[in-house]
Each structure stands twice: as C-alpha cells, then as structure tokens.
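Colleague: I am new to this structure and would be grateful for a guided reading. May I put my questions to you one at a time?

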Amino acid sequence: MQKKPLLKTPNARLYANSCLDLTDCIIYKSYMFNSKALSKQFGPASFYAQALKIAIPVMAQMLIQNLVSLIDNFMVAGLGDIKMSGVNICGQIIFVFMVFMNTICMAGGIFLTQFCGAKDKDGMKQAFCFKIWMGLFVVGVFSIVCFVIPRPILGLMVRGNSEAAFILDQGVTYIRIMGFMGIPWMISSMVSSSLREIGKVKVPLVISIIATCVNTLFNWIFIYGHLGAPRLEVRGAAIATVIARSTEALIFIGYMIKNKPDFAIKLFDVFRINFVLFKNILKKAWMIMLSEMVWAIAETVTTALYNGRGGADVVSGMASSFAISNLFFVAFNGIITSTGVIIGKDLGSGELDRARQEKIWILNGAKIFGLIFTGIGFLCMLLVPLVFRNLSQNAQHICRQMVCVMAIYMPAWVYINGQFAVSRAGGDTVMGMLVDGIGNLGVVIPGIFILAKFTSIGPVIMYAIIKSVEVPKIIIAHFWLKKEKWVVNLAEKKN
C-alpha cells in the first residue's frame, strides 16, 4: 500500500502522532527539531523584511552620495593623475573628520534610539543637543586644518612620493575651499542620522538625491567651464561640493522647522543641557571616539605608506579603487543602521530577551548579506575602464586589483560591522576599543611599517596582507558579545 507523503496532510502533527511507520515518525521529529534549531539561528522572512525596510533607504542614500563621489572622481580624473591625486589626498584627511563626525552621531544615536523606544522626547532632544555641541568641536578642528595648516597635514599623505610637490599644490587649493563646508556638513550629519535613528529613513534619502543633483550640476559647470562659467578644474570640484552641502543643510533645517520630529529643538534649547545625561553619553562616547580614532589613524597611516610605493599613478589608482568600492561598501551603513534601530528599540522598551534572539538573527543574516555584496563587488570591477579611462594604465590596473581584494573581504567586514552595531546598541563601547585597539595598534600599524621597510611588494598585496587582521578581530568580538554587556536598557538610566 502506498504511503501518504510526509507533511502533506492537513494536520501534519496529527499524522506524525498517529503514524504506524516508525521511519516516518523519526523523519518527522528530525524535521521538526531541525526546523526549530534553524528558527533560532535565522529569523522569519518578516524580520528580515523589517530590517531591509530600514537598511535599503539608508544604503540608497549612501549609494547616491558615493555615486556623486564617483562622478567627482570621473570628472577630476579627466584632468590627469596629479590633479586627481591632489583631490584624493584631501579626501583622506576629510575622511578622518567624517569618521569623527559619524562617531559623534553614533554615540548620541545610541541614546536617541533607546529614548525613542521608551517614547522619551526630552531624552531624545538632549541626545540631539549632545551631537550639536560635539559636532561644533569637530568643525573647529577641521577649519584649522583646512585654513591654517593644510600643507603640513597633506604632506604626511605623500611622504616619499616622487611627485609630492605637484600633488600638494593641487591639494592645498582644493582643501582651502572645502573648509567652508564644515557647518553645513555638521547640520546635515546631525539631522539625517537622527531621522534614521527614529526610523524615518526616507527623508534623508530624498534630500540626499536633491543634494546629489546640485553637486553633479555644479561639477559639470565649474570643473570644465560650461554655461559661460570659468574653467576652475580642482577649485570647481570643491565649490560644487560646498554649494551642494549648503543646499542639503538648508533643506534639513526647513524640514525640522515644518515637521518638528520628536528630537527637534528650538534655538535656545541647545543651552538647556541635562549635564547628568551628557556625562552618561560622554562615558559611552569617548570609547567609541577612541576606537574610531585608532581605526581612522590606522587607515590614514596605511594609505600614506601605500602612496609612497610609487608616483601619482599609485595615489590615483588606490584612491579610485575606494571610489568604486564605496558603491558596495553601502552594506556597512545598512547593517549598522538597521541593527542599531532594531536592537536599540528592543533594549529601550525593556524587551531584553527579544534583543538577544534578534542579535543572533541579524549576525547570521549578515553572513549571507556579505556574500551577496562580494558578488556586487566583482561586478563593480567592470566600471574601472569606463569611469577612469583617462587615468594611466598602471593606475587602472591598481584600481582593478584593489576592488577585487575588497570584494573578497566583504563577508568579514559586513559581519564585524554587525557585531559592532549590536554592542553599541546597548552602550557597550568597550568591545570596539578592545577589538580595534588590538587589531590596529597591535597588528595593522606595526605590520604595515614592517612590510614597507623590509619588503618591496606593491600596495595592493600590502593591503591584502594587512586586512587579514579582520579574522582575529571577529573571533575576539564573538566571545565578547557572549558576555552580554550590551544587554542594557540605557533609557532607564537617564537620570
């Protein structure tokens, strides 16, 4: 007699219990056990849909911004290796300050997200004020570098380069103009990050699209001198960026005034500070800042040493590879934001067990997410001859190799960014300092100096070797997260 197919009856459990065939019963119970185990490791489709609903607009916003950067690079690349190299060494210095600004937003955002989960508007406003005050400090230092000491700072990026003097002339011209974007850049960063932290991810996306169009238009006008404008080349690229940033900031201010999100403050509210809360945020923030500072310094030092392995072709080739790789690096922003919002709101509303389970779902999902972006990274290699056809052949070759290496590392990078996002969602900032401190101070910086001094290998192989540090960093973070120092409701500790 033919048996009924397993699990095809209207009531599978009843069928299994009444089944006279022992084999079918064993298979059924095994199936149920594996399904239960799998559900603990991977969440339901609705959970990942929720995460993607947060992540996709954020990634889209970053993709648009990175496409603008790529267009900038495309337009500046038409001016030759030296002028592109001048712009790109400025980009590395600006990158350091962007890391600090993003760190401040992240530190304040840890509390803002949890206060949002607890529906505490006053706490949200205080967290926003923290971002403003710390952001003003960063802008002050940024302005000093851009207007007072640009050449000595930029000179650190091309020590040993055979064309350093020519590159620096272009870089100083560019960064003096970029200094004017400080305040607009700060406003945009504060408001857009805060909107994302309360789940309003589409608004920053729309405003970013507008700013992108403005930037692209004025790049076209000023770099090459269209519509009767003078041909400003490197200066034109900087002016276009300042105009776009200013436009973006004005739109964000207008949105705040009109829609009044829960964290919105009046002008003089910025002086009404809850010093107890500020102290609590700073306790968490300084560890994040130190961690990110160590990482940013390590990246800057390694870039400077890569740049010293040749002439302008090395600088432009390495920089152009990052411009392309930024197209798939948007995965980091997606997983960081979605993890912070989901876990942060769970913790802020007191649902600690739910946060523990969703942490597992997020990190396992990150593995698949990373592999997908490895494939996207390989596809992005096809852009090199299209976007950077005006660069030298050696610069294009370096660019292709670097994009390939970075694509291979994507699963590891996506996963470790997920680990950092989980720990910081609950205010555990020690893990980041521990992992980055050991990885960067103990391995990356000494390792890159050893490779630079005692070997003659090229910059791409140097990069590939140094980035293998991600493996032990992931292992350390894995065991640290098991301590559950991140399972904390910070909204309860406001006062």
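Colleague: How many helices and how many strands does the protein have?

Modeller: The model is a predicted one, in which local features need pLDDT of at least 70 and side-chain atom pairs count only at pLDDT 80 or more, while totals for chains, interfaces and linings use all residues. Residues are numbered from 1 along each chain as its sequence is written, and side-chain values use heavy atoms, with hydrogens and water left out. Helices (H or I, at least four residues) and strands (E, at least two) are DSSP runs, numbered from the N terminus. On that basis the protein has 20 helices and zero strands.

Colleague: What is the mean pLDDT of the protein?

Modeller: The term pLDDT stands for the predictor's confidence in each residue, from 0 to 100. In this protein 90% of the residues reach 70 or more, and the mean pLDDT is 82.

Colleague: How many contacts beyond near neighbours in sequence does the stretch of residues 1-10 have in the model?

Modeller: Over residues 1-10 the pLDDT is below 50. Where pLDDT is low, the predicted coordinates should not be read in detail. With contact taken as heavy atoms within 4.5 Å, the number for residues 1-10 beyond near neighbours in sequence is 12.

Colleague: What percentage of the residues of the protein count as buried?

Modeller: Buried means under 20% relative accessible area, exposed over 50%, and partly exposed in between (1.4 Å probe, protein chains only). Of the 495 residues of the protein, the buried share is 56%.

Colleague: Which residues touch the most other members of the largest nonpolar core?

Modeller: A nonpolar core is a set of buried Ala, Val, Leu, Ile, Met, Phe, Trp, Tyr and Cys residues joined through side-chain atoms within 4.5 Å. The largest such core holds 147 residues, and its largest share, 16 residues, comes from helix 4 (residues 81-117). The members that touch the most others are Phe128, Phe328, Phe388 and Met410.

Colleague: Why does Thr339 count as buried?

Modeller: Thr339 sits in helix 13 (residues 330-348). Not counting residues up to four places away in sequence, Thr339 touches Gly344, Ile362, Gly418, Ala421 and Val422. Thr339 counts as buried because its relative accessibility is 0%.

Colleague: What distance separates the C-alpha atoms of Ala355 and Trp486?

Modeller: Ala355 belongs to helix 14 (residues 352-380) and is buried, with a relative accessible area of 0%. Beyond residues up to four places away in sequence, Ala355 touches Ile343, Asp346, Leu347 and Trp486. Ala355 and Trp486 are 131 residues apart along the chain, and their C-alpha atoms are separated by 9.9 Å.

Colleague: Is Pro385 buried or partly exposed?

Modeller: Pro385 is found in helix 15 (residues 384-387). Its relative accessible area is 40%, so Pro385 is partly exposed.

Colleague: Which helix gives the largest share of the lining of the largest pocket?

Modeller: On a 1 Å grid over the protein atoms alone, a pocket is an open set of points with protein on both sides within 12 Å along at least five of seven lines, a cavity is a set where a 1.4 Å probe fits but cannot get out, and lining residues have an atom within 4 Å of a point. Grid points are joined across faces, edges and corners, and a volume is the space filled by probe spheres set on the points. The largest pocket holds about 690 Å³ of space, and of its 24 lining residues the closest to its centre are Phe128, Met256, Ile265, Lys266 and Leu267. The largest share of the lining, six residues, comes from helix 5.
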